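Let's take a friendly walk through a protein model, looking at its strands and its charged side chains. Have the sequence and the 3D view ready.

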Amino acid sequence: MSTRPLVVLVAGDPIDSVRKDRGDYVALIRETVGPAWQAPWSDVDLRNGAPLPDPGDVAGAIITGSSSSVTERAPWMLRAEEYLRGLAERRVPTLGICFGHQLLGQALGGKVTKNPRGREIGTVSFEIVQDDEIFRRAESPFHANATHVDTVARLPVGARVLGRTLLEPHAAVRFSQTTWGVQFHPEMDESVVRAYLAARRGILESEGLDPTAMLAGAGAARAGSSTLPEFAEIVSAAQK
């Protein structure tokens with residue numbers, strides 16, 4: 001068993017109601033991974049200039065979601081992108097979630113923009129377009145919980161699309177041999193995604209969407225959630 005930690009690179013926080021009731025992204029991710037990772041955990045907030053661990057000192061990395069946009073090009077984002085390039089070069093298993101997925105895409109040579117197809121939020125149907133080890137635990141039908149307005153509009157050279165949704169053609173991407181990104185939120189279960197839908201009701205209505213219907217369709221999205229423990233097992237296997 002590896003003694004190196006699986007590090008969570010924190011890029012943002014859940015909405016206040018979720019953070020109060022369920023904890024931050026680190027807590028949600030660790031809860032979803034569960035027993036699939038038996039070695040140490042660590043976490044670093046990318047936003048506050050904290051020292052980043054040497055890539056050789058971590059078993060793998062997970063980058064969280066954020067209410068920020070990669071298009072802001074804030075200094076902390078540029079620093080994080082440089083670090084992510086280092087992880088990819090060192091072949092450290094890495095998974096980006098939502099904003100983290102976009103940050104990876106931008107860092108490795110792609111382009112993030114506002115999604116011209118509009119906001120994606122709630123429990124959505126997901127189509128696997130290429131088999132991959134990250135989906136070994138997934139069962140059909142595949143549903144995932146999502147909330148985002150940006151997209152990796154142009155993929156880095158060599159990236160492979162693994163899955164898509166109605167509004168997101170790059171919903172899951174394998175950026176390199178050891179680097180994955182998912183535009184959805186595998187750490188969000190039914191209660192979390194319902195809280196987001198309730199908090200965003202006014203915005204959704206102003207955009208012509210139907211939050212009542214979205215709330216009625218909200219679910220656990222276990223297939224989407226399965227990508228987190230699967231990634232943890234990939235990290236474990238890489239240490240042997």
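## Strands side by side

Opposite Gly163 you will find Ala172, which belongs to strand E11. This is a predicted model, in which local features need pLDDT of at least 70, side-chain atom pairs count only at pLDDT 80 or more, and totals for chains, interfaces and linings use all residues. Residues are numbered from 1 along each chain as its sequence is written, and side-chain values use heavy atoms, leaving out hydrogens and water.

Strand E10 (residues 160-164) pairs with E11 in the antiparallel sense, over 3 bridges. Two strands count as a pair if DSSP finds at least two bridges between them. The names come from DSSP runs, numbered from the N terminus: helices are H or I with at least four residues, and strands are E with at least two.

## A hairpin and its cover

On to the next partner: E11 and E12 are also antiparallel, with 4 bridges. Together E11 and E12 make a hairpin, with 2 residues between them.

How many residues of strand E11 are buried? The count is 4 of its 5 residues, so this strand (residues 172-176) is mostly covered. Here buried means under 20% relative accessible area, exposed means over 50%, and partly exposed lies in between (1.4 Å probe, protein chains only).

## Charged partners

Now for the salt bridges, of which the structure holds 15. A salt bridge is a side-chain nitrogen of Lys or Arg within 4 Å of a carboxyl oxygen of Asp or Glu. Arg47 forms one with Asp13, and their closest N and O atoms are 3.1 Å apart. Arg47 sits in the loop between strand E2 (41-45) and strand E3 (60-63), while Asp13 is in the loop between strand E1 (6-10) and helix H1 (16-22), so the pair ties together parts that are 34 residues apart in sequence. Both are partly exposed: Arg47 has 32% relative accessibility, and Asp13 has a relative accessible area of 28%.

Arg22 has a relative accessible area of 24% and is partly exposed. Glu31 forms a salt bridge with Arg22, with the closest N and O atoms 3.3 Å apart. Arg22 also forms a salt bridge with Asp189, where that distance is 2.8 Å. This pair links distant parts of the chain, 167 residues apart: Arg22 is in helix H1, and Asp189 is in the loop between strand E12 (179-182) and helix H5 (190-199). Asp189 is partly exposed at 24% relative accessibility. Elsewhere, salt bridges with shared partners join Asp13, Arg19, Asp45 and Arg47 into one network.
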